[in-house]
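These are my notebook entries on a predicted model. I record what I looked up, entry by entry.

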Amino acid sequence: MLPDLPDLPDGVPALDLSAQSDDLHSGRWLAADAETALAEGRPATRTRHGEYRMTRTTLDTTDAPATCALGVDLHLADPLEVRAPWAGTLTRHADGTLDLRGDGPVLWLHGVTDPAAPGPVAAGQRLGTVAGQDGGHTLGVQLSTLADDRRPPRFATPDLAAGWLAVSPDPTALITGRDPGEPSAGEDLLDRRDRAFAGVQEHYYDEPPRIERGWRHHLVDTQGRGYLDMLNNVTILGHGHPALSDAVHRQWRRLNTNSRFHYGSVVELSERLTALLPPELDTVFLVNSGSEAVDLALRLAWAATGRQDTVAVEEAYHGWTYASDAVSTSIADNPNALTSRPSWVHTVAAPNSYRGRHRGAEARRYGPEAAARITGLAEQGRPPAAFICEPFYGNAGGLPLPEGYLRQVYDATRAAGGLCIADEVQVGYGRLGTHFWGFEQQGVVPDVVTVAKAMGNGHPLGAVITRREIADAYRTQGYFFSSAGGSPVSSVVGLAVLDALRDERLQDNALEVGGYLKRRLEELADRHPLIGAVHGSGLYLGVEFVRDRATLEPATEETAAICDRLRELGVIVQPTSDRQCVLKIKPPMCLTRESADVFTAALDDVLTHGW
C-alpha cells in the first residue's frame, strides 16, 4: 500500500502510547500533540493496533474514554503516496475519509489528501497522498469486517473493545509489509499475583483495575481509564512529581549507601525536620517506614523509662512490626486486636465524639477518663512507659480529638514518669491544613514524634524525632541502624518533598481546597440521609454512612458498594473505621477545586441513583 515507505533496518518502529510508556512521563500524555511529538525527528513511526492509548485518557470526568485503537496511525516526516492494496470501489466521505471495498475487509483511510476520483480502482492504483499541514504527515489505517455500510469508530471504550476488535483486523501488515509480531497480553496478571504474592497482602477491589501510571492526583489503568485518586495519602505531592524524580535520578547516579558514611544530605534533612518542630525536639532518627518509626519510638520510651507498659487508644492502627502491631487496636485490621494484645498494652476508650461512649459536648469526658486510667496503672505498680495516639483520630475516619484531650492525657502520663508519643504518620506534614503537625491543634508538645508516608511521597522513608536525652537512652539497648533510613537517596527524597511542600504551598492548598470539599460534602449530607456526618480537617476527611441517624447503625455493606460504584465512575476511594462505614478521603495535597467538584458530583450521583 505504501511502496515508497523509507527503508528502515528494523521496520517501522512502533510508538509506545500505553500507560507503561517511558516516553509519556510528567504529564506529557495530556498534551494535544503528544503522539506527533513522539514521532518528531524520525522518518516514520506507527502506532499499535488494539493498544489502549494513554494519550486518549481523559481526567476529571466520570465517563470512560474511548482509548482502544481499532486501527493504526502512520506518522511520517515527509509526504508519501498511498496506493490501493487490492482492487475495489473507492468512496470519499464528507469529512475526507476514504473507504475501499473489495472482496475482503473494508479499508478505511484517514488523512489522505488529493484523493483519487471515487469509483472502481485497481490494485496498486494511486489513492492519494499523505501530506498534512505544518509538516505533519499522518495516515490512519483501519480494517473492518462489518457486513453492512456502517462506519466503525476509530477508538472503542474498554467495555466495548473486545467486540469492536473482533470486527477490526490488524492493518499493520499493509503498512510494514509484515506482521508486527507484537506480544499478546498473555496470562492474567491477577492470577500470577495470587500465585506468587502472599494473599494476606490484600488488594483494593474484588476486580481491581491494573494501575501503571499516576500523575498529580490522578491514576491511569492499562486500559487508559483515568481515575481521581481520593485515597492516596502516601503520595502527598501527587504522583509522578518531576522534581522528586529528577532529584532521585541525580542522587542515584552519584551515590547511595548508608548513614554510617558521612555526607551532607542526611545532616540537612535532619536539620530541616527539627526546624519544623518545637526546639526541644532536636534529635532525629531516620528509618524506612511508619511501622519502623512507631516500633523505634516505643523502644526509646522503654529504654528511657526502664519499663514497658504502654497505653494506647482503641480503634487505632500504628503498624505491623511486633511493637507497633501490639499497640494497634483496630479490629478492621485485625478482628482479634482487642483480645490478643500482649499484657504490657493497656487501652483507653476511642475518643470518638460522633458514635463513641461520649458524644457531642459529652466528649470532654474522654480526657479525664483516660488520665484516670493512666494514674490507676501507676497506683497499681504498672506506671506506663508511654502513651501513644494519633493527635487527630485518623483510623476512625478523620475525627478531631476533644478539646484539651492530649493536654490532660499527656499530663497524667508525665506525672507517672512516662513519655508521650504523637503518631503523625498519617496526619502530619500539613495535611490537616490548619497546622503542619496534628499535635499543634491540641496545644501540646509530645516527647516523641513519628512520621513516614508523606515524608517520602511513596519512597520508603520515616523518622522519629525526640529530645537528645531520650535518644541517648537507647544506648542501653545497644546501637541503632536502619540500612536505607537516611541513605543519600532517601535523604534527598525527604529534602525534595519538603521543598515541594513549601514551594507549591500544599498546606495552604489542603486548607483551602479541603475546606471547600468539606463544605460540598456537608451540602450532600443535607440531601442524603445515608450520610450521618462529615468528619475531618484539610485534606483528611471522612464521610460516615449510617442507616439511621438516630441509632447510628453503620451502613457497612452500602459503603463497600458505594466505593465499587465510584470506581466505575473513575473515583478511587475506600472504607475505613472498625465498622468500615466511613469513606476515607486522603487525596494527594495537590487536589484542585475542579477535582473536588468531580468527586462530590460522582458521590451525589451514586447516592441519588443507587449503586
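**Entry 1: the three-stranded sheet.** I looked up arginine 83 and found that it stands opposite arginine 126 in β10. Strand β10 covers residues 126-130 and runs antiparallel to β4, with four bridges joining the two. I then traced the sheet around them: it is open, has three strands in the order β4-β10-β8, and its pairing is antiparallel. β4 (80-83) and β8 (112-113) are the edge strands; each has a single partner strand, so one side of each lacks a neighbour in the sheet.

**Entry 2: the four-stranded sheet.** I next examined an open sheet of four strands, ordered β13-β14-β15-β27, in which the pairing is mixed. Its edges are β13 (211-215) and β27 (571-572), each of which pairs on one side only. Strand β15 (residues 226-229) and β27 run parallel and are joined by two bridges. Within that pairing, I noted isoleucine 572 in β27 as the bridge partner of aspartate 229. Helix α15 packs on this sheet, touching β14 (218-221), β15 and β27, and its direction makes about 95° with that of β15.

**Entry 3: proline 588.** I located proline 588 in the loop between β29 (582-585) and α15 (593-609). Is this proline 588 buried or exposed? I recorded a relative accessible area of 0% for proline 588, which therefore counts as buried, the cut-off being under 20%. Not counting residues up to four places away in sequence, proline 588 touches Arg216, His217, Asp229, Asn232, Thr235, Ile236, Gly238, His239, Arg431 and Leu539. For proline 588 and aspartate 229, I noted a separation of 359 residues in sequence and 7.5 Å in space, C-alpha to C-alpha.

**Entry 4: arginine 567.** I found arginine 567 in helix α14 (residues 556-568). Arginine 567 is buried yet has no salt bridge; glutamate 568, the nearest side chain of opposite charge, lies 4.6 Å away. A salt bridge requires the nitrogen to be within 4 Å of the carboxyl oxygen. Leaving aside neighbours within four places in sequence, I listed the contacts of arginine 567 as Tyr205, Glu207, Pro209, Tyr227 and Ile572.

**Entry 5: salt bridges.** How many salt bridges does a search of the whole structure find? I noted 36. Arginine 502 forms one with aspartate 503, the closest N and O atoms being 2.7 Å apart, and aspartate 503 is exposed at a relative accessible area of 54%. Aspartate 508 forms another with arginine 505, at 2.5 Å between the closest N and O atoms. In that pair, aspartate 508 is partly exposed at 37%, while arginine 505 counts as exposed at 55%. I also recorded a salt bridge between the side chains of arginine 520 and aspartate 597 (2.5 Å, N to O). This pair links distant parts of the chain, 77 residues apart: arginine 520 belongs to helix α13 (residues 506-527) and aspartate 597 to helix α15. Aspartate 597 is partly exposed, with a relative accessible area of 27%. Finally, I noted a network of salt bridges linking Glu35, Arg53, Asp73 and Arg154.

**Entry 6: nonpolar cores.** The largest nonpolar core has 98 residues, among which Phe387, Tyr429 and Phe599 touch the most other members. Helix α12 (residues 488-503) supplies the largest share of this core, nine residues. I also recorded a second, separate core of 26 residues, which includes Ala293, Ile388, Val448 and Tyr474. Returning to phenylalanine 387, I found among its contacts beyond four places in sequence Val311, Val348, Tyr405 and Leu419.

Key: Residues are numbered from 1 along each chain as its sequence is written. This is a predicted model: local features need pLDDT of at least 70, side-chain atom pairs count only at pLDDT 80 or more; totals for chains, interfaces and linings use all residues. Side-chain values use heavy atoms; hydrogens and water are left out. Buried means under 20% relative accessible area, exposed over 50%, partly exposed in between (1.4 Å probe, protein chains only). Lys and Arg count as positive and Asp and Glu as negative; His and the chain ends are not counted. Contact means heavy atoms within 4.5 Å. A nonpolar core is a set of buried Ala, Val, Leu, Ile, Met, Phe, Trp, Tyr and Cys residues joined through side-chain atoms within 4.5 Å. Two strands pair if DSSP finds at least two bridges between them. Axes are lines fitted to C-alpha atoms, for helices over the stretch in contact, and angles run from 0 to 180 degrees between N-to-C directions.
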